[in-house]
Amino acid sequence: MSSEFRNTVRANLAKPEVRANFYRAMDGLMTRRLDQFPDKVELERLRTQSMAIRANALSKLPELLETLEANLTRNGIQVHWAETTDQANQIVLSILQKHNAKSIIKGKSMVSEEMGMNHFLEALGVECLESDLGEFIIQLDGETPSHIIMPAIHKNRIQIAKLFHEKFPDIPYTEDVDELTQTARRILRDKFYAAPVGLSGVNFMVAETGTLCLVENEGNGRMSTTAPSVHIAVTGIEKVVESLLDVPPLLSILTRSATGQPITTYFNMISGPRKPGEKDGPEEVHLVLLDNGRSNIYSDPELLATLRCIRCGACINHCPVYVRIGGHSYGTVYPGPIGSILEPQKAGVDVHGELAQASTLCGACSEVCPVRIPIPSILNRLRYDGVRKDTANTNTVGSGKRRTLSEAATWKTWAWAATHPTIYHAGSTLATHFKGMLPTNLGAWTTVRSAPKLAESTLHQQVKHLGVDHE
Amino acid sequence: MTTKPDTIYFFGTCLVDLMYPQAGVSAMQLIQRAGVKVIFPPAQTCCGQPAWNSGYRDEARSVARAQIALFPKPIPIVIPSGSCAGMMKVHYPELFAGQPDEAQAVDVASRVFELTEFLVDVLQIELQDLGEPVTVAVHTSCSARREMGVADKIESLLGQLSNVQRVEHARKPECCGFGGTFAVKEPEISAAMVLDKVTHIRNTGVDRLISQECGCLMNIGGVMAKQGDAIPHQHIAEFLWERTGGNAV
């Protein structure tokens, strides 16, 4: 079956430079993460603690969201609820219109990608400027992020140098990373002050205190949230934690899992707009809380673990499939293992269910997940939801729609043979007996491999001469 | 259940049955040589993993149910494969959750051992190397490594063999790209993964490749055969049996 996913994968596998970029980057990230956790016992303790913090928050999600809203409001942050990405975009638009804003400076936000916010606003004449270096680079090239925390990871230094030279011909060509960074910084610096509205994502929302936490390295997040007079934060409803004490362990495991950093350069805790007498900070702070299918995920005890994700990207960095096909192959906002469980749940298994198939279930993702999301189990569950008959027993969107008569018939026949030993053994004996007549061209398998060779006689036949009890 | 049992059940797996029977034979011989009686229930077929991983849970359950019925005695079930052992140990309880025979499934799961785990932890097997000097690369399957957590057992067994030198390869813990139906459903990605794996193994210059998983051996070995000049590759049981005196039971 040919699909859009399959075609993109094929195209991307054929780009040696992109593959090399991913391979090099992911090797580096894996090593850096490993270096951050020299003590395996401490790592496992911290993973368990982090999982418990996230699981606790999700177990009382509605209640915590109410507390959060009350405390944010008390702190002067205006809270907006959006069930769909359309609603979220409309909310952002209405805030911009209220301030007659024609441009917006953005810190990094995957939820804004999920909303397709840039497209939505630009179609209405609002300029959206990405201020995260990686996002800035891909925006210049008209691309989407290929990784959730390192959006331009698919590009190497030379490709970026060429891109800058093409877009800013007045600036001398350089391949020096520091100079390239300085160029971006100079261009962005003025925009921070000129933009009437700044937008950011959120890493954690603290219900108890009504605080928004933002992790970043470049300082652009801080600029986007303080220099413009209006700050809009957009995030998913699942990012809430109960108390301030929950933050340090999560922050510690987030940065170490993600980029292998013990801490990031900046950690912002936003607890309200500028207060009387304060010299800086925005005059208005808004928080847009997006559902976009998350409530549906929340309603299933087995799938709920998906929402524990703290968006560190460790699963992506360690995925042998992702490193080869790259983030763009997935055709979704979130790529890699987390994308392969999140996107089919958000859009439906009929739409993105194929992503759940594109895994060997090797478990490298769950081995590193800081909050122990059982990604392979959820992939398995989504495969089941895709083809199951009792669709009334699941809330998963698009359930049963991937079931085809021919595949279902194949598995039915297989199960019949495997539950009738006489048939099964007759088949295998026959196969080994006439193995010379079996095809040597098995389509996809034999493109790079020789056809598997059947043994002269099966184990069942050989066991008879082994002196074991087989009656 | 870490004391040495008198008798065990052996589950051969369908891949061993059809493609690598010698691995199954050697595994049973190793266990017999250690003084343990082996029961090989003749009605065994497949653990049900292919259907389970494809989302066909009803079909997987009916096949799994037929296997569960073959292991009534309270003795260990030894399996020469990390992934089939993982299916029975980890996934049977999930597959039968809420079913009338859940207790039987959980009981079977609790008695499952992957072969190398059984040889090291339960039999505490002692090996004497009688072979010529040889260099080997080890490929541990993802199920053995992560699902079963027994990746170190194959290393510890090989470590007992004085003339066997283990050589590490790049990205050793990474999946070979087999993944059962994955290799068929996503052939291009699988090919990219296994081609890299073969390159890393070839770069070691070893004499032999050893694994406890016949699926991985079929995948990696298939590529090496297609490329010509395949490095001899063997299931750990067969290798151990060969190195420690072969058929001199």
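Which residue in E10(A) is the bridge partner of A:His231? Keep that in mind while we get set up.

This is a predicted model, where local features need pLDDT of at least 70, side-chain atom pairs count only at pLDDT 80 or more, and totals for chains, interfaces and linings use all residues. Residues are numbered from 1 along each chain as its sequence is written, chains are lettered from A and ligands numbered from 1 in the order in which they are written, and side-chain values use heavy atoms, with hydrogens and water left out.

**Stop 1: strand E7 of chain A**

Select residues 230-236 of chain A, which make up strand E7. Helices (H or I, at least four residues) and strands (E, at least two) are DSSP runs, numbered from the N terminus. Seven of the seven residues here are buried, so the strand is largely enclosed by the rest of the structure. Buried means under 20% relative accessible area, exposed over 50%, and partly exposed in between (1.4 Å probe, protein chains only). In a regular strand the side chains alternate between the two faces of the sheet. Color A:Val230, A:Ile232, A:Val234 and A:Gly236 for one side, and A:His231, A:Ala233 and A:Thr235 for the other.

Strand E10 (residues 284-290) runs parallel to E7(A), joined by seven bridges, and A:Val285 is the bridge partner of A:His231.

**Stop 2: helix H8 of chain A**

Jump to residues 133-140 of chain A: six of the eight residues in this helix are buried, among them A:Phe136, A:Ile137 and A:Ile138. Show helix H6 (110-115), strand E3 (127-130), helix H9 (157-167) and helix H10 (177-194) of chain A, against which the buried residues pack (contact means heavy atoms within 4.5 Å). At the start of H8(A), a side-chain oxygen of A:Asp132 comes to within 3.1 Å of the backbone nitrogen of A:Gly134. Just after the helix, check A:Gly142, with its positive phi of about 65°.

**Stop 3: the open sheet of chain B**

Over in chain B, four strands in the order E2-E1-E3-E4 form an open sheet with parallel pairing. Its edge strands are E2 (37-39) and E4 (112-114), each pairing on one side only. Zoom in on E1 (residues 7-10), which pairs with E2(B) over three bridges; B:Tyr9 stands opposite B:Ile39.

Next, bring up helix H5 (residues 82-95), lying across E3 (77-79) and E4 of chain B at about 160° to E4(B). Helix H7 (residues 115-122) lies across E1, E3 and E4 of chain B, at about 95° to E4(B). Axes are lines fitted to C-alpha atoms, for helices over the stretch in contact, and angles run from 0 to 180 degrees between N-to-C directions.

**Stop 4**

Finally, select A:Trp445 and B:Phe178, an edge-to-face aromatic pair with 6.1 Å centre to centre and 80° between the planes. A:Trp445 lies in helix H22 (residues 445-448) of chain A and B:Phe178 in a loop of chain B, so the pair joins two chains. Rings of Phe, Tyr and Trp (its six-membered ring) pair if their centres lie within 6.5 Å; planes under 30 degrees apart count as stacked, over 60 as edge-to-face and the rest as tilted. Both residues, A:Trp445 and B:Phe178, are buried.

Definitions and conventions
Pairing = 2+ DSSP bridges. Polar contact = N/O pair within 3.5 Å; in protein donor to acceptor, adjacent residues only side chain to side chain.
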